[in-house]
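Subject: Structure handover and notes

Dear colleague,

I am passing on the structure we talked about, with my notes on it. Please look through the coordinates first, and then read on.

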Amino acid sequence: MTLGEIKEKALAAIAKAQNLKDLEAVKNEFLGRQDGELTTILRSLKDMPPEEKRETGTAANALRGEIESAMKSRLGVLGAGSSSSRLDITRPGEKVRVGHLHPLTLMENRIKEIFLGLNFSIVEGPEVESEHYNFDALNIPPNHPARDMWDTFWLPAQYKDKDSRQLLRTHTSPMQIRYMETHQPPFQIIVPGRVFRFEATDASHEVNFHQVEGLMVGPDVNLANFKYVISEFFNQLLNQKTDIRLRPSYFPFVEPGLEVDIKWKGKWLEVMGAGMVHPNVFDAVKYNPQQVKGFAFGMGLERLAMIKYKIDDIRLFYSGDLRFVDQF
Ligand code: DAH
């Protein structure tokens, strides 16, 4: 074969090569040690006259370089250069990690869904509140001992809003006031949201957690209405007929005030505070307490999630530990 023929055939064969084996064969045919076509010519150089030797030698070596680099780039195209990029259709598939909702989000969504079904509206309020909305308007005046029920994160004095000091809301109840200031009864709302307490952390206390507040106001709303709404709520939330128990209690913004227990796995568990809206609260929003009545309630989201999902430490919700959140 002449150099020209070798070039033509070798390059065509390289272009047609489909795998490493094909390329190996091309290499053998043209560059093989024993009797590769080009090797044979290179070997015969020593018998040529000087003039021809120089000319043929230069051309043959250039052709060898050309063939080698064509093989190399074909190898790259075939992806045989690195084994990881080669497609192996027999390899087991890689598991796709699908994201999912945090247990608290699941709980909140479910609660909203149930109350929407009971014709409640969902509203939200600010996390930074004034002393007025968080305490005073809720019938908790300054220096009243009931303020001790809520250890409070106060904002520095320069954040004073009019006459009212600012704080991180200790409960979702201030939204009762904000909502009633801007709406007229009858209505029924829930207020999900984050709240803050200046407390030591342990298995059942966190400095921030979530509450869902409820408020229903109308001309003749009564405790029987409350009892119906709340047992309907727990039946749906826990997917079973749930016994509830109302115990007398005290919260400044309700009268009478009560604590709601549910029977769960044979035990009574305290799950929310509630009561009939106090006349002083209606006064604060310029409703006439003679004409409207209402019930209010507040519950902790974490506590409900801990009961429903059998979680024994509130801190797990905020740990960012995937071994925990991946279970939901
Ligand atoms: N705000 C109360 C708390 O954080 C819970 C509560 C009790 C809310 C009674 C209410 C209520 O609306 O009527 O401890």
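Predicted model: local features only at pLDDT ≥ 70, side-chain atom pairs only at ≥ 80, totals over all residues.

Residues are numbered from 1 along each chain as its sequence is written, and side-chain values use heavy atoms, with hydrogens and water left out.

Domains

The domain assignment of the protein chain gives domain 1 as 3-85 and domain 2 as 103-325, with bounds that come from an automatic or database domain assignment. The centres of domain 1 and domain 2, taken over C-alpha atoms, are separated by 82 Å.

Nonpolar cores

A nonpolar core here is a set of buried Ala, Val, Leu, Ile, Met, Phe, Trp, Tyr and Cys residues joined through side-chain atoms within 4.5 Å; buried means under 20% relative accessible area, exposed over 50%, and partly exposed in between, with a 1.4 Å probe and protein chains only. The largest nonpolar core has 39 residues, and Ile111, Phe234 and Phe297 are the members that touch the most others. Among the elements that each supply at least two residues of this core are helix H5 (103-117), strand E5 (208-218), helix H8 (223-237), strand E7 (254-264), strand E8 (267-277) and strand E9 (293-300). H8 gives the most to this core, with 6 residues. Helices and strands are DSSP runs numbered from the N terminus, helices being H or I with at least four residues and strands E with at least two.

Phenylalanine 297 touches, among others, Phe115, Ile190, Val212, Phe226, Ile230 and Met272, when residues up to four places away in sequence are not counted; contact means heavy atoms within 4.5 Å.

Pockets

The pockets were found on a 1 Å grid over the protein atoms alone: a pocket is an open set of points where a 1.4 Å probe fits, with protein on both sides within 12 Å along at least five of seven lines, and lining residues have an atom within 4 Å of a point. Grid points are joined across faces, edges and corners, and a volume is the space filled by probe spheres set on the points.

The largest pocket holds about 810 Å³ of space. It is lined by 32 residues, of which Arg197, Phe209, Gln211, Gly298 and Gly300 are the closest to its centre. E5, E7, E8, E9 and H10 each supply at least two residues of this lining, which by class has 15 nonpolar, 9 polar and 8 charged residues. In this classification Ala, Val, Leu, Ile, Met, Phe, Trp, Tyr, Cys and Pro count as nonpolar, Asp, Glu, Lys and Arg as charged, and the others, Gly among them, as polar.

The second largest pocket has a volume of about 160 Å³, and the residues that line it include Leu20, Glu24, Lys27, Glu68 and Met71. Helix H2 (20-31) and helix H4 (50-78) each supply at least two residues of its lining, and H2 gives the most, with 5 residues. That lining divides into 5 nonpolar, no polar and 4 charged residues.

In helix H7 (residues 174-182), Pro174, Met175, Gln176, Ile177, Tyr179 and Met180 are buried, and the buried residues of H7 pack against elements including strand E4 (187-196), E5 and E9. Threonine 182, also in helix H7, counts as exposed because its relative accessibility is 58%; its C-alpha atom is separated by 8.9 Å from that of valine 285, 103 residues apart along the chain.

Two peptide bonds deserve a look when you prepare the model. The bond from proline 185 to proline 186 is cis, with omega near 5 degrees, and proline 186 is found in the loop between H7 and E4. The bond from glutamate 255 to proline 256 is cis, with omega near 0 degrees, and proline 256 has its place in strand E7.Lysine 265, in the loop between E7 and E8, has phi near 50 degrees, a positive value in a residue other than glycine. Glycine 218, in strand E5, counts as buried because its relative accessibility is 2%, and it is in contact with Pro185, Pro186, Val292 and Lys293, leaving aside its neighbours within four places in sequence.

Best regards
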